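Thanks for asking me to look this one over. Here are my notes, arranged as numbered points so that you can follow along in your viewer.

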Amino acid sequence: MASTAATAAANLSISKPSPTLSFQSLTSHSRLILPGSKAKITVSVAHRITASLSDPKPKPSSAVSASIATAAPVATSPDTFISRFAPDEPRKGCDVLVEALEREGVKHVFAYPGGASMEIHQALTRSNIIRNVLPRHEQGGVFAAEGYARASGRPGVCIATSGPGATNLVSGLADALLDSIPIVAITGQVPRRMIGTDAFQETPIVEVTRSITKHNYLVLDVEDIPHIVREAFFLATSGRPGPVLIDVPKDIQQQLVVPNWNKGLRLPGYTFRLPKSPEKAHLEQIVRLISESKRPVLYVGGGCMNSSEELKRFVDLTGIPVASTLMGLGAFPCTDKLSLQMLGMHGTMYANYAVDRSDLLLAFGVRFDDRVTGKIEAFASRAKIVHIDIDPAEIGKNKQPHVSVCADVKQALTGMNSLLEETGAKSKYDFSSWRDELNEQKAKYPLSFKTFGEAIPPQYAIQVLDELTDGNAIISSGVGQHQMWAAQFYKYRGPRQWLSSSGLGAMGFGLPAAMGAAVAKPDAVVVDIDGDGSFIMNVQELATIRVENLPVKIMLLNNQHLGMVVQWEDRFYKANRAHTYLGNPSNEAEIFPNMLKFAEACDIPAARVTKKSEVREAIKKMLETPGPYLLDVIVPHQEHVLPMIPSGGAFKDAINEGDGREAY
């Protein structure tokens with residue numbers, strides 16, 4: 001990449017400062033699978049950037065699905081930006097870095113200081129534009145940056161020190177890559193002369209993160225900071241979004257320089273490989289397939305998150321029912337009569353039925369993740385498959401399509417809508433008999449749950465939350481049963497309401513992600529639907545939301561167990577408990593740990609509810625209380641997430657009844 005890629009080092013161990021900048025440019029690799037082959041191949045960074053950089057997967061729906069479509073950074077024009085320094089005034093590298101962030105439109109960062117990054121923090125105190133939200137753990141910071149990006153569509157920024165501070169970002173970077181979330185992570189590094197000497201708090205973070213970032217940089221020349229930051233934001237947000245890391249040695253932060261802000265982006269290899277506008281002939285072919293089909297289904301993922309309006313117009317014109325991935329929830333309203341809600345392992349019976357019976361599967365912004373497809377050979381086996389995705393690496397990787405278009409889903413939908421409008425599609429297509437068949441399935445197999453006396457069904461608590469917020473809250477979650485129930489029983493009306501670690505499945509994501517969302521959307525109702533296992537992994541962020549007075553509501557579905565693992569134990573291991581009980585074995589009648597005490601320690605209002613009849617008032621009070629609030633909802637650990645298609649199974653293997661109260 002320009003001078004950056006000129007001499008990319010192959011190893012972080014270097015003894016002499018070098019003008020080289022990009023550590024990954026020549027050695028970065030990507031996971032690609034050629035169509036018809038199971039062999040993974042390694043490609044150059046330019047290729048990886050096309051593959052991984054270019055896809056908004058939500059995978060995880062890209063990571064499961066396709067992710068967050070290209071979201072351009074809100075950069076400030078050089079002509080309008082007013083620097084606090086005179087044009088020819090020398091300033092520290094750390095001040096150049098902070099100003100570079102300001103010029104990219106950054107207003108908030110999630111930064112935790114340390115010895116190798118304290119110069120950056122000193123520079124942040126001199127900024128009148130950027131506000132630092134201080135997390136209490138670096139993992140909390142990177143998950144908060146993700147929550148910020150997921151809720152707003154703008155890149156999130158987190159900063160950590162070298163060594164353990166940098167390695168604490170790893171889970172968040174991996175999560176952002178799998179779910180195609182645009183974040184820029186900045187780490188301090190030991191001085192250049194000490195790199196490779198096993199210095200105190202030294203880790204080769206560019207090597208550690210090489211395979212879990214879209215791209216990363218080791219800054220070895222202070223003059224490179226302006227264009228590295230500009231490149232990083234461009235890479236993070238263009239094509240298929242993803243995380244970019246910038247590693248800045250401490251002596252670079254301290255060095256004086258007069259920055260050059262006018263150096264243009266020079267990424268010819270990357271920009272050349274970015275998908276072009278879809279060809280009209282390809283879109284006409286898709287429209288023709290729709291006209292020939294009798295049972296079409298839309299399978300939409302995170303790649304549709306930036307094209308919600310176009311998707312709704314497409315559905316309005318065609319009348320095709322819509323099934324969403326975990327990452328795609330909200331791209332099409334779950335309350336719409338044509339919504340089949342979520343498909344996949346814990347998707348609705350009718351969504352999975354529709355895909356199984358379809359003769360045309362329109363896969364938009366998805367990646368055919370295993371949690372969606374199950375047994376890949378049996379998935380949509382009767383259907384012609386159309387796959388539109390911004391990442392060429394995803395097309396044909398898991399499931400070979402009959403028609404593929406490598407393009408931005410938004411552009412493709414816009415083009416198809418124009419074609420449909422020209423041909424009067426609204427009066428042309430009639431899929432009423434197919435919709436009637438699916439409505440019968442909806443009536444026969446609705447999402448449901450049982451009630452046992454005053455015990456609180458976790459699904460009921462989420463239903464009540466949906467009613468009291470009119471389905472308009474931003475919902476984050478940890479990972480496990482509560483995550484699946486939040487996906488099933490909260491009816492998302494629009495995009496960017498649902499924040500979930502989908503591809504990586506990182507426990508501890510919910511609270512810091514809600515924190516980031518509350519910073520990005522200060523007027524929104526933000527609720528973290530969490531489980532006791534996930535919540536305690538980043539419980540320290542209660543301190544942050546209290547100090548920052550962020551109005552994050554935490555609805556904790558507390559069953560004293562690792563619920564999803566318990567469910568698998570019940571179903572497949574004869575209910576043998578293998579370290580999945582999180583309470584105190586010496587006193588199982590007591591709720592342990594007492595989550596209310598965590599809240600009390602951070603001066604956060606909290607309450608516990610144990611009876612179904614008290615749930616509505618308890619949630620209402622949570623929502624009405626100003627600032628943060630924790631509601632500890634005690635639920636039975638015997639509940640199972642249903643429906644469930646066992647791993648590697650097909651629709652015919654779906655389980656739709658039973659719980660932990662029965663033996664299997």
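1. A word on the model. Please keep in mind that this is a predicted model.

2. The parallel sheet. There is an open sheet of 6 strands whose order is E13-E12-E11-E14-E15-E16, with parallel pairing. At its edges are strand E13 (339–342) and strand E16 (403–406), each pairing on one side only. From one strand to the next, the twist averages 15 degrees. Strand E12 (residues 322–324) pairs with E13 in the parallel sense over 2 bridges, and Val322 is the residue that stands opposite Ser339 in E13.

3. Is Ser339 buried or exposed? Ser339 belongs to strand E13, and with a relative accessible area of 4% it is buried, because the cut-off for buried is under 20%. Leaving aside neighbours within four places in sequence, Ser339 is in contact with Val322, Phe332, Pro333, Cys334 and Lys442.

4. Cysteines. How many disulfides does the model have? The count comes to 0 disulfides, the criterion being a pair of cysteine sulfur atoms within 2.5 Å.

5. Strand E20 (residues 552–558) is mostly covered, with 7 of its 7 residues buried. Val552, Ile554, Leu556 and Asn558 point one way from E20, while Lys553, Met555 and Leu557 point the other way, and all are buried. In a regular strand the side chains alternate between the two faces of the sheet. E20 pairs in the parallel sense with strand E19 (residues 526–531) over 6 bridges, and with strand E22 (residues 629–634), also in the parallel sense, over 6 bridges.

6. Ile462 sits in helix H18 (residues 458–468) and counts as buried at 0% relative accessibility. Beyond four places in sequence, Ile462 touches His482, Trp485, Ala486, Phe489, Tyr490, Ile529, Met555 and Leu557. Among these, Met555 and Leu557 point the same way from E20. His482 is 20 residues from Ile462 in sequence, and the two C-alpha atoms are 9.2 Å apart in space.

7. Nonpolar cores. The largest nonpolar core has 56 residues, and Ile183, Phe535, Leu542, Ile545, Val552 and Ile554 have the most contacts inside it. Helix H20 (residues 510–520) gives the most to this core, with 8 residues. Apart from it lies another core, of 55 residues, including Leu343, Ala363, Leu419 and Tyr429. Returning to Leu542, its contacts beyond four places in sequence are Leu511, Phe535, Ile554, Phe598, Ala599, Cys602 and Ile604. In soluble globular proteins, nonpolar side chains tend to be buried together.

8. Arg91, a buried arginine. Arg91 lies in strand E3 (residues 91–92) and counts as buried at 3% relative accessibility. A polar atom of the Arg91 side chain lies 2.9 Å from the backbone oxygen of Ala86. Which residues does Arg91 touch beyond four places in sequence? They are Ser83, Phe85, Ala86, Val96, Glu99, Gln255, Leu256, Val257, Pro259 and Trp261. Arg91 and Pro259 are 168 residues apart in sequence, yet 8.3 Å apart in space from C-alpha to C-alpha.

9. Thr161 in a loop. Thr161 is in the loop between strand E6 (156–160) and helix H5 (164–167), and at 5% relative accessibility it counts as buried. What does the side chain of Thr161 reach at 3.1 Å? It reaches the backbone nitrogen of Ala116. Among the other contacts of Thr161 are Tyr112, Pro113, Gly114, Gly115, Ser117, Ala166, Thr187 and Gly188.

Note on methods: Residues numbered from 1 in each chain as written. Predicted model: local features only at pLDDT ≥ 70, side-chain atom pairs only at ≥ 80, totals over all residues. Heavy atoms only, no water. Helix = DSSP H or I, 4+ residues; strand = E, 2+ residues; numbered from the N terminus. Buried < 20%, exposed > 50% of the residue type's maximum accessible area, 1.4 Å probe, protein only. Contact = heavy atoms within 4.5 Å. Polar contact = N/O pair within 3.5 Å; in protein donor to acceptor, adjacent residues only side chain to side chain. Pairing = 2+ DSSP bridges. Axes fitted to C-alpha atoms, helices over the stretch in contact; angles between N-to-C directions. Core = buried A, V, L, I, M, F, W, Y, C linked by side-chain atoms within 4.5 Å.
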